[in-house]
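Here is a short report on one protein chain.

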Amino acid sequence: MSIYEEIEIEDLDFNPKTQVYSYPCPCGDKFSITLEELWDGEDIATCPSCTLRIMIIYEEDDLPELVESDDEEEDDEDDGDKKEGKKGDSGEKKESGEEKNEDGDGDGDGDDEDGLIKSTKKLAV
């Protein structure tokens, strides 16, 4: 596979939040490579819009420290909430963050949001 260009890591833009290095591609998009990929020894950045690839010239000693993202930790916590179900003060599961009332409008007065009382009895025909 051919390499479009060899680029020094100092010439790439680094986003510390996403931990991604990027460099403009002639097609108008950007080559990108993650810090984690660089730490794993990868040195080829790809463009998602075309077939061009660049080789990144770098020394591992010059790379910033790899930090676990908060998103991964939050995803793990969210997964735990989904598995266990969210519980209210009474220990009962809540749906969509609010306890459901039988009347459907959330005020528990037995009428719907228009104020009409719903009957659960069937009329005799």
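## Gln-19

Gln-19 is buried, with a relative accessible area of 15%. Buried means under 20% relative accessible area, exposed over 50%, and partly exposed in between (1.4 Å probe, protein chains only). The residue lies in the loop between β2 (13–15) and β3 (20–24). Helices (H or I, at least four residues) and strands (E, at least two) are DSSP runs, numbered from the N terminus.

Leaving aside neighbours within four places in sequence, Gln-19 is in contact with Phe-14, Thr-34, Leu-35, Glu-65, Leu-66 and Val-67. Contact means heavy atoms within 4.5 Å. Val-67 is 48 residues from Gln-19 in sequence, yet their C-alpha atoms are 8.4 Å apart.

## Basis of the model

This is a predicted model: local features need pLDDT of at least 70, side-chain atom pairs count only at pLDDT 80 or more, and totals for chains, interfaces and linings use all residues. Residues are numbered from 1 along each chain as its sequence is written, and side-chain values use heavy atoms, with hydrogens and water left out.

## Fold

The protein has two helices and six strands. Along the sequence they follow the pattern β-β-β-β-α-β-β-α. Of its 125 residues, 17% count as buried. Among contacts with a separation of 6 or more, 32% join residues 24 or more positions apart.

## Nonpolar core

The largest nonpolar core has 15 residues. Such a core is a set of buried Ala, Val, Leu, Ile, Met, Phe, Trp, Tyr and Cys residues joined through side-chain atoms within 4.5 Å. Ile-9, Tyr-21, Leu-38, Ile-56 and Leu-63 touch the most other members. The elements giving two or more residues to this core are β4 (30–34), α1 (35–39) and β6 (53–57).

Beyond its neighbours within four places in sequence, Ile-56 is in contact with Ile-7, Ile-9, Leu-12, Ile-33, Leu-38, Asp-43 and Ala-45.

## Aromatic pairs

The whole structure holds two aromatic pairs. Rings of Phe, Tyr and Trp (its six-membered ring) pair if their centres lie within 6.5 Å; planes under 30 degrees apart count as stacked, over 60 as edge-to-face and the rest as tilted. Tyr-4 and Phe-31 are stacked, at 6.5 Å centre to centre and 20° between the planes. This pair links distant parts of the chain: Tyr-4 sits in the segment before β1 (5–8), and Phe-31, 27 residues away, in strand β4. Tyr-4 is partly exposed at 43% relative accessible area; Phe-31 is buried at 1%.

Phe-14 and Tyr-21 form a tilted pair, because their ring centres are 4.5 Å apart and their planes meet at 35°. Phe-14 is partly exposed at 29%, whereas Tyr-21 is buried at 7%.
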